[in-house]
Structure formats: C-alpha cells, structure tokens
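Subject: Structure handover

Hello,

Here is the structure we discussed. Please open it first, then read my notes below.

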Amino acid sequence: MSKPFIEIEGLKKHFDIGNHQILKAVDDISFSIGKGETLGLVGESGCGKSTAGRTIIRLYEPTAGSIKIDGTDVTKVSKSQFKAYRSQMQMVFQDPYASLNPRMTILDIIGEALDIHGLAKSKAERKRRVEELLEIVGLNGEHASRYPHEFSGGQRQRIGITRALAVQPQFMILDEPISALDVSIQAQIINLLIDLQKKMGLTYLFVAHDLSMVKYMSDRVAVMYLGKIVELAKSEDLYANPQHPYTKALLSAIPVPDPDFEAGKERIVLKGDLPSPVNPPSGCPFRTRCPAATERCAAEAPMLRETRPGHIAACHYA
Amino acid sequence: MKKILDVKNLSVSFHVYGGEVQAIRDVSFDVKEGEAVAIVGESGSGKSVTAQTIMRLIQTPPGKIKAGEVLLDGQDLLKLSEKEMQKVRGNKIGMIFQDPMTSLNPTMTVGKQIMEGLIQHQSLSKGAAKTRAIELLKMVGIPNPETRISQYPHQFSGGMRQRVMIAIALACNPSLLIADEPTTALDVTIQAQILQLMKDLQQETKTSIILITHDLGIVADICDRVIVMYAGQIVETGTKHDIFHNPKHPYTQGLLKSLPRLDQDKNEPLVPIFGSPPDLIKPPQGCGFCARCDEAMHICETESPETTVLSDTHALRCWLQHPEAKRPASAGAKEASV
C-alpha cells in the first residue's frame, strides 16, 4: 500500500439519547487509506457507516480516537485551524435532491465553497472557476445561472461533486453517492468519479450498501456491523474468500442479474433483524444472527486479527 | 395456461400545470396462472402507474385512463363502479407497497389490519378472522403471532412490517399479487428474507405475481417473465433468459451493461447510457429511447416502432429488429449477454 494519507485510530462516536442510554454508532474503528486509494465501507442501515464518514470529516465531533491526515491529528486542532484541513477533505452526499439549496443558483452553490476558502479573488474569477469546474464534471458552463430544480438527479449529483471539487480536496468521502439515482445514471456517476480520481489523484472513502458497485470502485473494502469493523481486506480477496460469517451472508444476499447464477446459488438467509446499537449483544455483536455462533461468542468479543495475508476479520472461527 | 390478467392497449395521462403527462402509452401484457412477471424500468418509466391503474388507485383528476382494458378473469376492471372495485381490491388482487413504514395504519393493531379484509370480503366472524390472522402471521414467519397480533406497527421492524403487509395482501387468497418495489426500503439481508418468503409462498399458494422493481438482480432471482418499460411504453418482453442472455432492445442491453458484475475487472469501464429519459409532457414523436440510443436511425426519430415478435416469448419495440430493417441484429447484443 502507498503511504497512508489518512489514518483512523480507535475512532468512536457515541450519542447520548437520553434516559442514560448511549448509542454507540461507531465503536472503536481503525483503518488507514493510502494516497490515491479507494476504501469501500459497507454494511446495512444503522451499522454506523455514514456516521463514520461524517465523524471523519468532523461534521460530528468524535467521542474518542484520532484522525490523522498526512500525519497531523486533526481532532486536536481548533475549529479555526481545522478550516485548512476541511479544504483537503470534502464530502458528496447521498441525496442530490436534499443536499443542494433550492434557492441558490449553481454559481452560488459552488461559489460559496470558493468564497469560504478565499479561492477566488474577484467576481469574474469566481465565475470563470465555477464554469471550468462544471465542464470538468461534464456539465455546461452556461448552467451556472440555473437553479437545482432545473436539473435531473444525475446532473444534480454532478453539481454536488463539483462543489466538493471546488476547494481542490485530496480526500473525498462519498456517502452513498449513487443510491438515489436510476441504474442507467449510476454508471455515469461512477465513471466520472473514477475518472476524477485518475486525473487528480484523489483518495476516496466510498460508503455504500451496493456490494457489486463497492467491489468495482474500491481497492480495499471494510465491512461494518453494529458500529464495528468485522472484516477488512483487498476487494478481490474479500469477495473471493470472505472470512466473517456476516460478510458471507451479505455477499450471498446480493441478487445478481444473471438467472443461471441465481438458480445455482446457495443463499445464506440470516434470521432476525439487526440488534439495537443501544443495547448490543455481549461478546460478538453478530452472534444473535450467526448460524455458527457458540458459547464462546457470547462470552468473549472477537478481536480483529489477520486470518489470511492482508485480510483481517473479527471472528473466533475465521 | 389460463390468463389471469390481460391488459390491453392501456394509456394513462396526468393533467398537471405544465400540460398532459402521458405516463403510460399503449401498454399491453398478460399474466398467466401461477406466473411471476417482473416489470422493470427506471423512475418515471410508468411501472408503478401501470400497477396502480390495474388496482384503480389512480387519482382522477389529475389522472385519466384514456384508453384500454384491464381484464381480470375476463372482467374489465376499468368498467366497474368504485363499490364493485372495492370487492376486487384486497380480495382478488392483493398489493404490497414499497414502504412498509408508511403503508400500515399506525393507529390500528396489526391484527385488526389483517382481519379487516377477512371480515369485509370473506364475511368471517371476528373470532374466525382472528384465528386466520394468527395463521397468516405464522405463515409469513413472525414469531409469537398470538402476542404480536395485538401490537402496533411501530413495535415491528422494517422487515417484520413488510411481512405483515404480505400477510394482509395474501389474507383472502388473491389470484394476483402486485408487489411494487417490495424490498427497496429494506437492507440486503432483510431483502433476502422477504424474497425467499415470497418465493416459498408463491410455490405454496400458486398465486400469480406482478413484481415491480428496478433491481435486475431480484428479477433474475424470482421471476419467470420480464417486461422492460421505458418512457411509458413496454420496450421489450421475454422470459428471463431472453432478457438476460439475449437482450435485443438497445435500452435493455444498455441497462445490463451499466451494472458492474461481480467478476468485472476494475480496469474495464462501465458502459453508461448517456443522457436522461425524455419528458413525458412532450413524448418524442418516434422511439422514446431514440435520443439516448447509439444505433438510432432516421426512422427512429419520426415513427414510433411497432411491436416485433421474435419468438413465442420474446417481443420488442425497436426498428432495428423490424423484419424490414436493413441490418441484421446488432453486434451489441452478444456483448451484453453475461
């Protein structure tokens, strides 16, 4: 792996939800992402993957842990100093209908990012820069004077990406950037993201639940369950040799658009639902749904350990 | 096999501020006994409007059924009065909606919601309806149905609520079940549970299913036949093998190519379909897909393609496959089959 650009160590995000209850949305996760690399973060709703993304970019203040960018722990720097780091990391949100202000023109939506970081010296430069950026993502510079409602979902997501690119970030958190889009549009956006990564050497954290898209996009993939990372490996290796029973079930649950494959597939159907993260099971968080759980799993929480070269999983029996 | 449902030349429009949205245009298809048919398409392709029209759930105005027939066991549903239609809904046709969070009544117990249909349609007594409701909950895999029956929807998880929806839909042994994106709001592992349940129940009850979805993976998993809709029209129909292994319409081919396969190499780029679907206030004069089609010809711009029948099961609307087309079937078709 190339030199880590971002290192997450023991990151926790707990929410106090009243009644002396603590919701451990993200509970002690660690990983690093190399420069120019894409790390996929997958899991079901409520597993903490979006919270992890938002905590890394400090939309939420982390409860514990460190976030190092190029060696500097950004959880220690003050809000005002943090601004400089913000321009290095940006986020693309899931819903392109909700994440663009309907009362602002595209010029102002993207221009706002330039203003905040003082990247445009004059009005003319601001406009020119926005138009350039729009061209990069495949929109027309003349679109700058329009409002978000004049665009389709795919185009709006391009605008969301443009806004993130405006401050010339090195690291982007993509929080389910395609799940609100139609299938024929998804591939357009994915190709754009890959293109941008190649051209600008961007580092991505790709948060998603679509496992085939994650495999396609990512160099390495981390699987989360109830706020913890249960498995992390190179994407080919994770899909070919899943070690954790949850990963195995997750992979077998994806319906593949090929009738012959589906007919021959042995599907692992998990019983029950995701337990509440307020009151997670003792020991291994997955044991309540695991087909192979034993007494040891209830008593002792499995640690992440290397089960194959470069492949870590948190299961006693992996 | 007997046809349960026969939809003929159905056209539905909505009158909105900007004009008339021609949501579905000349749609014809049928569903046979015990068959699972998928309707796939993007948002705005008319798949949900088709389902809602069959159930007569289109609000009029703004909606208007302009032409066509919906024959259920030979009876035209579009000619029934609202009162007669109420005897069909939930009785002969069951429906599962996309969002189990909002399609159950939060102020009624789950049991009452299941019993409602049984008492209404099958004139069961309260006691008999309750026994049947417990049976149904057990059938859809809800543990402790005796206690669960007197609980409210908020006490159920998303997957459990969708199971309740299925129980309601199947309560009166309908001959047709319409499932409109039944798993879109659910997580993959829960989706797998619900799909397995639907497959098992279909084998048990022999109910015909219309499954509306945009997920081609689900189609490959549980359906026999596939209807592909685009811009308010059916562009291709066939068995799942026709559609997945031998797609002939450029849109179907494009859809399949734009999905990453699990064995896809990272360096092999996805092939997206450029552009976006047309505005149905002014639907294109010719083929709806023309503006996004790489193989469009002159005729595609001016004339809407007729239905070309390729085999007993496989038909499509595309000039490229028309018997008088100059070129043989496009080379793209072979690449697309995975």
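A:Val230 is found in strand E10 (residues 228–234) of chain A. Helices (H or I, at least four residues) and strands (E, at least two) are DSSP runs, numbered from the N terminus. A:Val230 counts as buried because it has 27 C-beta neighbours inside 10 Å. The cut-offs are these: a residue is buried if 20 or more other C-beta atoms lie within 10 Å of its own, exposed if 12 or fewer, and partly exposed in between, with C-beta atoms placed from the backbone. Leaving aside neighbours within four places in sequence, A:Val230 is in contact with A:Val223, A:Met224, A:Tyr225, A:His244, A:Tyr246, A:Phe286, A:Ala313 and A:Ala314. Contact means that the C-beta atoms of two residues, placed from the backbone, lie within 7 Å. The C-alpha atoms of A:Val230 and A:Gly43 are separated by 10.0 Å, and the two residues are 187 apart along the chain.

A note on the source. This is a predicted model, in which local features need pLDDT of at least 70 and side-chain atom pairs count only at pLDDT 80 or more, while totals for chains, interfaces and linings use all residues. Residues are numbered from 1 along each chain as its sequence is written, and chains are lettered from A and ligands numbered from 1 in the order in which they are written.

Next, strand E8 (residues 203–208) of chain A. Six of its six residues are buried. A:Thr203, A:Leu205 and A:Val207 point one way from E8(A). A:Tyr204, A:Phe206 and A:Ala208 point the other way. E8(A) pairs with strand E3 (residues 38–42) of chain A in the parallel sense, over five bridges. Strands pair if DSSP finds at least two bridges between them. A:Leu39 stands opposite A:Leu205 in E8(A). Strand E7 (residues 171–175) of chain A also runs parallel to E8(A), joined by five bridges. There, A:Asp175 has A:Val207 as its bridge partner. From E7(A) the chain crosses through H6(A) to E8(A), a right-handed β-α-β crossover. Right-handed means that, with the strands pointing away from the viewer, the path from the first strand over the helix to the second runs clockwise.

Chain A is divided into domain 1 (4–88 + 169–313) and domain 2 (104–168). The bounds come from an automatic or database domain assignment. The C-alpha centres of the two domains lie 30 Å apart. Ten residues of domain 1 of chain A are in contact with eleven residues of domain 2 of chain A. On the domain 1 side, helix H6 (residues 183–200) of chain A gives the largest share, four residues.

On to chain B. It has twelve helices and twelve strands. Of its 338 residues, 48% count as buried. Its C-alpha atoms fill a box of roughly 70 × 50 × 40 Å, taken along the principal axes.

Which elements of chain B give two or more residues to the side that touches chain A? First the totals: 38 residues of chain B are in contact with 33 residues of chain A. The elements are helix H7 (188–205), helix H8 (216–222), helix H9 (240–245) and helix H10 (250–257) of chain B. H7(B) gives the most, with seven residues. Eight of the eight residues of H10(B) are buried, so this helix is largely enclosed by the rest of the structure. Among them are B:Pro250, B:Tyr251 and B:Lys257.

Best wishes
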